[in-house]
Amino acid sequence: MTSRHRSPESADTPSERVNSLSPRRRTVVKAAAATAVLAGPLAAAIPARAAEAPSFLHGLASGDPLPDGVLLWTRVTPTAEATPGSGLGPDTEVSWVVATDKALTNIVGRGSLTATAASDHTVKADVRGLAPATDYWFRFTAGGTDSPVARTRTAPAADAAVAGLRFGVVSCANWEAGYFSSYRHLAARGDLDAWLHLGDYIYEYGTGEYGARGTVVRQTSPTHEILTLADYRTRHGKYKTDPDLQALHAKAPVVAIWDDHEFANDTWSGGAENHTEGTEGAWAARQAAARQAYFEWMPVRPAIAGTTYRRLRFGKLADLSLLDLRSFRSQQVKVGNGSVDDPDRTITGRAQLDWLKAGLKASDTTWRLVGNSVMISPFAIGSLSADLFKPLAKLLGLPQEGLALNTDQWDGYTDDRRELLAHLRSNAIGNTVFLTGDIHMAWANDVPVDAGTYPLSASAATEFVVTSVTSDNLDDIVKVPEGTLTAIASPIIRAANRHVHFVDTDRHGYGVLDITADRAQMDYYVLSDRTSATATSSWSRSYRTRTGTQKVERTYDPV
C-alpha cells in the first residue's frame with residue numbers, strides 16, 4: 001500500500017438523502033411480501049457455489065478505526081443451507097489473526113469467536129492493543145478454511161500532529177440500478193485512511209420497484225420488499241456478495257451511518273413513507289429488525305442509544321461527528337400540512353443535538369467534520385421552469401405543484417438548523433465541514449446563517465455533498481442524455497441559491513476528501529456507465545475550503 005503522510009504516534013482513545021427517487025406507496029401490498037420468509041431460506045442471497053465446508057462468501061470488512069484498535073467483521077457460511085436470513089446452520093468457531101504484514105508472518109493479535117444463527121453467522125472482533133496510524137492485515141479461519149487477507153488501518157493518536165488525511169466518500173448504492181464500480185475505483189487507489197458511507201448502503205424495495213430509469217440491471221434478493229429480520233439479513237447478504245464492495249471493504253476501514261433505506265423510504269421515529277402499518281406489520285418491529293440486521297452485517301459499533309451517532313478522532317487534524325438523522329426525527333411535513341419552523345419539531349432529537357453542539361465546541365482539532373446523511377444547506381427551487389421543476393421535485397420527494405424546500409432534509413426542520421448554526425457563530429467555531437449524501441447529486445455549498453440575504457450574511461460552515469453510486473438522479477428521471485439537465489438546471493439553481501458553488505444533477509460516482517492543516521478539499525469523480533460492470537472513472541471537479549474561511553472555492557486539480 002502506498003503510504004503518505006505517515007508518522008509514528010502514541011496510542012490514545014477518541015471520545016467517542018433530497019430523497020432518493022422514491023416510488024410512491026403501492027395501493028396493494030402483496031400478501032406474500034409479509035410472509036415470504038416462511039417459504040424458507042433464499043439461496044439467491046449467496047453464490048451457488050456454497051460448499052459443505054465452512055466458507056467466507058461475503059468478504060471481510062473493518063470499521064470505526066481507533067488509535068489503538070479497529071472493528072473486524074466477517075460472515076461465515078458453515079453449511080450450504082445456512083444462507084443469510086435462513087436461521088439455519090450450526091454454531092461455528094471462527095478465529096482471527098492480525099499482523100503487520102500481508103503474509104501474516106508478524107502476528108500481533110489473535111482470538112476466536114462463535115458464529116451462530118442468532119447473529120446470522122456474522123462475527124465482529126473489536127481488536128485493541130494496536131499501534132496508531134498503522135497498516136494491519138487480518139484473516140479469519142473456520143473449520144480449516146481460511147478467508148482471504150484484508151487490510152485495515154488504525155487512526156492516528158489523539159495528540160498526534162497529522163500532516164494529512166484522505167477519505168473516500170460515498171452514498172446511495174441501489175443494487176438493481178447498476179454495478180458498484182465506485183467501490184472498485186476507490187479500492188484501487190491504495191491511499192485511503194478510511195472511507196465514509198453516508199447512508200443508503202442497501203435499499204428496501206422489491207425487485208422492479210426502483211431500478212435504473214425503470215430497468216432492473218441486476219435482480220436483488222429477496223425479490224419482495226424487505227419487512228422482517230430474515231428479509232433484512234438476506235438483503236444485506238446479497239449486497240455483501242458484490243465483488244467491488246468486497247474489494248473496498250478489504251482495502252480500508254469504513255465509517256458508516258444509516259439513512260432511510262436501511263429501514264424504509266422517508267423513515268422517521270414513528271414510521272416511514274414506505275411502510276403501511278398493519279398490512280406490513282408494526283413499524284416498531286420492522287425498525288427493530290432493520291437495526292439488528294444492520295449492526296450484524298456492518299463493521300459499526302452500536303453507539304449512543306444503539307444508533308449510529310458517535311465521534312471518531314484522527315489526531316490533532318480532524319474529528320468526525322457522525323449523525324443519526326432517522327431515529328429521533330419528527331415526521332416529515334409538506335408545506336400547507338404543517339410548519340417546518342415549528343420549534344417542537346426535530347431532525348436530530350434533543351439529546352443528539354446537544355451532544356453535537358458540545359462536541360463541536362469542545363473540539364481542539366483543526367477541522368470538525370460532520371457525517372451528515374441529508375443536506376443541511378438551504379435549497380430553494382421555486383424559480384425553476386415547470387419542465388425542470390416537476391422531475392426535480394419528484395427526485396426530492398416534493399409536491400410537484402410547486403415548493404421551495406425539501407422537508408426530508410434539514411429544510412424541513414429549520415429550528416434545529418438555526419440553533420446549530422447560531423451555536424457555531426456565537427462560539428466562533430470555525431472549520432466545520434458537513435459531509436453529505438442522499439440527494440443523488442454532487443454539491444459544494446457554503447452553509448449560510450441567513451440564505452435570504454447571502455452573501456451579505458455570514459457562512460457558518462461548508463458542505464460537500466456526494467452523488468449516488470447507482471441510484472437514479474435527475475437525468476435518469478427525465479430520461480435524457482447524461483449532462484443535459486446539469487447544463488440547464490445548475491445555473492438556475494445557483495442563481496436562486498447564492499451559497500451553492502457547484503451542483504451536478506446528473507452523474508453517478510464518488511468523492512475523495514483530502515485534508516491538510518490549510519484546507520479540506522473534495523475531489524468529485526464520475527463513472528462512465530453505472531449499468532456496466534467495467535465502468536471507468538474520471539475526475540470531474542474539485543472544491544475546497546481554506547482554513548478559517550467557512551467558504552467554498554473551486555480548485556482546478558485533484559490532489
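Is C172 buried or exposed? I looked this up before anything else. C172 counts as buried, at 0% relative accessibility; buried means under 20% relative accessible area, exposed over 50% and partly exposed in between, with a 1.4 Å probe and protein chains only.

**Basis of the entries.** I worked from a predicted model, in which local features need pLDDT of at least 70, side-chain atom pairs count only at pLDDT 80 or more, and totals for chains, interfaces and linings use all residues. Residues are numbered from 1 along each chain as its sequence is written, and side-chain values use heavy atoms, with hydrogens and water left out.

**Positive phi.** Most residues other than glycine have a negative phi, and most peptide bonds are trans. I noted that C172 has a positive phi, near 60°, and lies in the loop between β9 (165-170) and α2 (181-189). Helices (H or I, at least four residues) and strands (E, at least two) are DSSP runs, numbered from the N terminus. D438 also has a positive phi, near 80°. I placed D438 in the loop between β17 (432-436) and β18. D438 is buried, with a relative accessible area of 1%.

**Cis peptide bonds.** I recorded a cis bond from S221 to P222, with omega near -10°. P222 sits in the loop between β10 (194-197) and α3 (229-239). Y454 and P455 are likewise joined by a cis peptide bond, with omega about 15°. I found P455 in the loop between β18 (442-448) and β19 (459-465).

**Strand β19.** I then followed β19 itself. Seven of its seven residues are buried, so β19 is largely enclosed by the rest of the structure. β19 pairs with β17 in the parallel sense over four bridges; two strands pair if DSSP finds at least two bridges between them. L435 has F464 of β19 as its bridge partner. With β18, the pairing of β19 is antiparallel, over six bridges. V447 stands opposite A461 in β19.

**Helices α6 and α8.** I looked up how α6 (residues 350-362) packs on α8 (residues 414-426): the angle is about 15° and the axes are 10 Å apart. That makes α6 roughly parallel to α8, a term for angles under 35 degrees. Axes are lines fitted to C-alpha atoms, for helices over the stretch in contact, and angles run from 0 to 180 degrees between N-to-C directions. The contact (heavy atoms within 4.5 Å) is made by residues including L353, L356 and L360 of α6 and L420 and L424 of α8.

Notes
Angles under 35 degrees count as roughly parallel, over 145 as roughly antiparallel, 65 to 115 as roughly perpendicular and the rest as oblique.
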